[in-house]
Amino acid sequence: MSTFPVVGDAMPDIEMGTPDGGTVKPSDFKGQKLVVFFYPKDNTPGCTTEAKDFTALKSDFDAAGTALLGVSKDSAKKHQNFIAKHDLTTPLATDAEEGGLSDTLGIWTEKQMYGKTYMGMVRSTYLVGADGTIARVWNKVKVKGHADEVLTAAKAL
């Protein structure tokens, strides 16, 4: 059985794609706090609400010295459409199909719906300290009120 990173461990430094064709990785944010929120799919109800909630609080996160990064396995093009459609100001990244950050964290996993088994993202959020270590983890996130709860934790860190 593999061991996934937990609170107190260094956030794995795995490169992901950005919607503009660039790359981003957690160490790019060293020296400031970072919230990485993983969500299943662009333009679905819960994921849209979550991204919009983080966007609405972005200036508060900025004031708390905390960067935001939303991550799914959707393509750069899907991210571009998602950002444009919902006026998102929260940066998004595309995780690798295999061996990506979500795989390393153990949140890309087998799921079941309507009797079908498939691979999917467990909605999870990681608060990373300015030193690059994981300070807090939220797994199986319920969207309502989540961004506010994460902001409170970021301010306290």
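**Exercise 1. Find how E4 is paired with its neighbouring strands.**

Solution. E3 and E4 run parallel and are joined by six bridges; strands pair if DSSP finds at least two bridges between them. Helices (H or I, at least four residues) and strands (E, at least two) are DSSP runs, numbered from the N terminus. The model is predicted: local features need pLDDT of at least 70, side-chain atom pairs count only at pLDDT 80 or more, and totals for chains, interfaces and linings use all residues. Residues are numbered from 1 along each chain as its sequence is written, and side-chain values use heavy atoms, leaving out hydrogens and water.

Next, take single pairs. Leu-34 has Ala-67 in E4 as its bridge partner. E4 also runs parallel to strand E5 (residues 92-94), with three bridges, and Gly-70 is partnered by Leu-92 in E5.

**Exercise 2. Decide whether the residues of E4 are buried or exposed.**

Solution. Buried means under 20% relative accessible area, exposed over 50%, partly exposed in between (1.4 Å probe, protein chains only). Thr-66, Leu-68, Gly-70 and Ser-72 point one way, Ala-67, Leu-69 and Val-71 the other, and all are buried. Seven of the seven residues of E4 are buried, so the strand is largely enclosed by the rest of the structure.

**Exercise 3. Locate the buried and the exposed residues of helix H1.**

Solution. The buried ones are Cys-47, Thr-48, Glu-50, Ala-51, Phe-54 and Thr-55. Seen down the axis of H1, they fall within an arc of 165° (taken from the directions from the helix axis to the C-beta atoms), so they line one face of the helix. On the other side, Pro-45 and Ala-56 are exposed.
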